[in-house]
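Here is a short report on one protein chain.

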Amino acid sequence: MAPTYRQLWQRWWGSLRRLEGWRYAINLVPPLAIATAIGGWWHHERSYWIALAVVIVVRRRGDSLLRATQRCLGTCAGVLIGAALILWVPPSWAIVAVVTVLAGLRPLLKERNYAAYAMIMTPLVVLLLDLGRTPDLSTIGYRLIDTVLGCLLAIIPTLVLRRRDVA
């Protein structure tokens, strides 16, 4: 039998009495604050992608290093796909077909292969954000830079905690 909402609430509220209950926030807030500061300093239209990458990569279960690596590799490959689509300048019906295929692959890949999922999501997000106008290569470049920065920021707490545990 599944727990009720009240039971879930009580379990969550009780977990805040222990340091372990705050672990996710402790891991998330510093890189998110740095990402937000970098985004504010670096004035481009979508600098929020840095913070978004941090939130996506930092995990409760501590698999941030693997997930960040997969996301960075997948995004780099996705940038190449996105750049090819932008250089091709397809007609509207072809963009709809590409978005349909990418969106269809997304749920299949999410649990099976996170790197492939990130590779599919990068051109999908870029195409959807710029639907109706031809996105330029700088959008793809910024997406790559922002994601790599966010991944690096997300990895730092994991590396610090692992180093502390080893010492």
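## Ser47 and its surroundings

A polar atom of the Ser47 side chain lies 3.0 Å from the backbone oxygen of Gly39. That pair is a polar contact, meaning N and O atoms within 3.5 Å, where within protein one atom must be able to donate a hydrogen and the other to accept it, and residues adjacent in sequence count only if both atoms are side-chain atoms. Ser47 sits in the loop between α2 (23-41) and α3 (48-57). Helices here are DSSP runs of H or I with at least four residues, strands are runs of E with at least two, and numbering starts at the N terminus.

Ser47 is buried, at 12% relative accessible area. Buried means under 20%, exposed means over 50%, and partly exposed lies in between, using a 1.4 Å probe and protein chains only. Leaving aside neighbours within four places in sequence, Ser47 contacts Gly39, Trp42 and Asp146. A contact is a pair of heavy atoms within 4.5 Å. Arg143 is 96 residues from Ser47 in sequence, yet their C-alpha atoms are 8.6 Å apart.

## Basis of the model

The model is predicted: local features need pLDDT of at least 70, side-chain atom pairs need 80 or more, and totals for chains, interfaces and linings use all residues. Residues are numbered from 1 along each chain as its sequence is written, and side-chain values use heavy atoms, without hydrogens or water.

## Ser15 in helix α1

Ser15 belongs to helix α1, residues 5-15. Its relative accessibility is 14%, so Ser15 counts as buried. A polar atom of the Ser15 side chain lies 2.6 Å from the backbone oxygen of Trp12.

## Pro123 in helix α6

Pro123 lies in helix α6, residues 114-129. With a relative accessible area of 1%, Pro123 is buried. Beyond residues up to four places away in sequence, Pro123 touches Gly78, Ile81, Gly82, Leu85 and Leu102. Ile140 is 17 residues away along the chain, and the two C-alpha atoms are separated by 8.3 Å.

A disulfide is a covalent bond between the sulfur atoms of two cysteines. Here the rule is a pair of cysteine sulfur atoms within 2.5 Å. The count comes to 0.

Cys72 counts as buried at 15% relative accessibility. Cys151 also counts as buried, at 0%.

## The chain as a whole

The protein chain has 7 helices and 0 strands. Its pattern along the sequence is α-α-α-α-α-α-α. The C-alpha atoms fill a box of roughly 55 × 45 × 30 Å along the principal axes. Of the 167 residues, 38% count as buried. Among contacts with a separation of 6 or more, 72% join residues 24 or more positions apart.

The accessible surface comes to about 10,600 Å², and 68% of it belongs to carbon and sulfur atoms. Areas come from the Shrake-Rupley method with a 1.4 Å probe; for residues, only the protein chains shown count as cover. The chain carries 19 positive and 8 negative charges, and their mean positions are 10 Å apart. Lys and Arg count as positive, Asp and Glu as negative; His and the chain ends are not counted. Each charge is placed at NZ of Lys, CZ of Arg, CG of Asp or CD of Glu.
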